[in-house]
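Me: I have a structure open and want to go through how its pieces pack. Can you take my questions one at a time?

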Amino acid sequence: MPGSIGGSYRSLGGSGSDIYRSTTTAANGSNGSTTMMDTVKKAFSFVTATNGGNGFPSEPLIAEDDVKQPVIIASRTDSANTNTIRKMPTSGVAEEAALLGTMPSDSMDDIELKNIQLQFPSTRSLSRDDSSACEETVETDRGPLVVAIQGSRNKPAILTYHDLGLNYISNFQAFFNYIDMRALLENFCVYHVNAPGQEEGAQTLPEDYIYPTIDELASQLTFVLSHFGLKQFIGFGVGAGANILSRFALVNPHKVAALCLINCVSTQAGWIEWGYQKLNARYLRSKGMTQGVLDYLMWHHFGRNTEERNHDLVQVYKSYFERNVNATNLALFIDSYIKRTDLNIQREMDPTKKKEGMTLGMPVINITGSHSPHMDDTVTLNGRLDPTNSTWMKISDCGMVLEEQPGKVSEAFRLFLQGEGYASSVKCAPKCEPVLEKY
């Protein structure tokens with residue numbers, strides 16, 4: 001250490017006081033006191049030209065000749081009312097000036113925002129305008145049916161049937177337009193069947209019109225197959241539509257290759273369901289879509305606590321039920337559904353009598369949601385099906401599975417079809433594991 005005498009250290013200021021002087025307090029160099037710049041020079045140079053006789057090296061580490069001319073900037077300090085001299089090298093000032101010179105004089109806000117456009121997510125709608133299907137009217141023994149066709153007709157057929165209060169647009173349009181389903185549908189043609197009077201913009205049925213029973217609704221599908229020349233189809237039904245497709249499959253097993261049933265009920269209506277639906281049908285005829293009927297329909301499709309899961313989707317369907325549903329026609333459909341009979345199917349455990357057993361013989365995937373009020377009914381149906389060709393699937397965190405979890409349903413449906421030898425050319429999505437195909 002420079003200037004050490006007798007094992008002790010000498011301060012840079014000689015007297016031992018300068019080194020401890022605060023460097024943030026303004027000082028006046030004219031009265032002999034050390035300025036801030038002098039203290040900094042002492043710290044980095046060990047000595048200045050005036051301190052050469054105090055035992056320090058005579059050559060400073062930083063020569064005063066090398067110090068460029070400072071730029072004086074006046075500012076106020078918190079510790080004194082006098083102005084402090086802050087020094088900035090001229091090279092820094094020149095660099096800052098060069099940068100500022102290249103900046104435009106106009107406001108940066110105008111430059112940054114003039115090419116920005118706000119993009120809002122498209123509003124979820126349930127209308128025919130968003131549908132790519134072609135509608136045709138099919139004459140049956142119980143009146144006309146509106147069938148919408150989606151895809152090339154020379155490909156294998158998927159036939160859908162909707163639930164209460166819905167039609168092919170509100171029940172299936174969003175699901176079949178889902179990105180994973182669009183890739184799958186390149187291998188199929190979809191025929192969406194609407195129950196009488198339930199199609200979009202349907203006119204009120206005549207007062208003397210006798211609505212078909214649930215079994216007659218199933219028998220109407222024979223006319224649909226004849227109209228389009230279909231020998232066999234894959235059924236895809238939800239709720240009441242799943243029950244109708246199951247009835248048709250029991251009578252015509254050779255015409256149904258496979259079934260995808262969602263929230264399917266295989267038993268007759270219980271007293272609670274019968275009572276609620278009778279009141280709903282009465283109010284629909286007399287007062288239209290009341291709040292009580294609306295609440296029941298929302299519970300029927302979504303289950304409980306729906307707004308906590310998907311508030312926007314709930315508002316879309318509430319608006320749809322209030323504005324787009326023909327109340328009188330829906331009352332007739334509800335009356336027909338609650339008068340349904342039991343499917344009278346049962347699982348045969350004896351292998352020798354399995355072919356004689358009264359159950360669905362084609363492959364079946366039975367799907368429900370964890371929040372669906374029909375989950376127990378799907379469990380009952382699963383206990384009546386042959387375990388060798390049926391699968392029960394419960395999807396978590398949803399009630400209306402096609403709307404709330406379309407990705408999971410589409411993946412399950414694709415794997416189900418590939419297991420039966422269909423759509424083998426459809427590649428797995430990156431998130432999926434490879435699947436062994438069955439031919």
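Me: How do the axes of helix 9 and helix 13 cross, and within what distance do they come?
Reply: In this predicted model, the axes of helix 9 (residues 271-286) and helix 13 (residues 327-338) cross at roughly 160° and come within 8 Å. Angles over 145 degrees count as roughly antiparallel, and helix 9 and helix 13 are therefore roughly antiparallel to each other.

Me: Left-handed or right-handed crossing, for helix 9 and helix 13?
Reply: Helix 9 crosses helix 13 in the left-handed sense.

Me: Which residues meet there, helix 9 to helix 13?
Reply: From helix 9, E273, W274, Q277, K278, A281, L284 and R285. On the side of helix 13 they meet A327, T328, L330, A331, L332, I334, D335, Y337 and I338. Sorted by class, this contact of helix 9 with helix 13 holds 10 nonpolar, two polar and four charged residues.

Me: Now helix 10 and helix 12. What is the angle there?
Reply: Roughly 130°, with the axes of helix 10 (residues 291-302) and helix 12 (residues 311-323) coming within 11 Å. That makes helix 10 oblique to helix 12. Their crossing is right-handed.

Me: What makes the contact between helix 10 and helix 12?
Reply: Helix 10 supplies L294, L297, M298, H301 and F302, and helix 12 supplies L313, V314, Y317, K318, F321 and E322. The residues of this contact between helix 10 and helix 12 are eight nonpolar, one polar and two charged.

Me: Strand 8 and strand 9: over how many bridges do they pair?
Reply: Four, in the parallel sense, between strand 8 (residues 256-262) and strand 9 (residues 364-369). The bridge partner of L259 in strand 9 is V364.

Me: Last topic. How many salt bridges are there?
Reply: The count comes to seven salt bridges.

Me: Where do R142 and E216 sit?
Reply: R142 is in the loop between strand 3 and strand 4 (143-150), and E216 is in helix 6 (residues 214-219). The pair links distant parts of the chain, 74 residues apart.

Definitions and conventions: Residues are numbered from 1 along each chain as its sequence is written. This is a predicted model: local features need pLDDT of at least 70, side-chain atom pairs count only at pLDDT 80 or more; totals for chains, interfaces and linings use all residues. Side-chain values use heavy atoms; hydrogens and water are left out. Axes are lines fitted to C-alpha atoms, for helices over the stretch in contact, and angles run from 0 to 180 degrees between N-to-C directions. Helices (H or I, at least four residues) and strands (E, at least two) are DSSP runs, numbered from the N terminus. Angles under 35 degrees count as roughly parallel, over 145 as roughly antiparallel, 65 to 115 as roughly perpendicular and the rest as oblique. A crossing is left-handed if the near helix is turned anticlockwise from the far one by less than a right angle, and right-handed if clockwise. Contact means heavy atoms within 4.5 Å. Ala, Val, Leu, Ile, Met, Phe, Trp, Tyr, Cys and Pro count as nonpolar, Asp, Glu, Lys and Arg as charged, and the others, Gly among them, as polar. Two strands pair if DSSP finds at least two bridges between them. A salt bridge is a side-chain nitrogen of Lys or Arg within 4 Å of a carboxyl oxygen of Asp or Glu.
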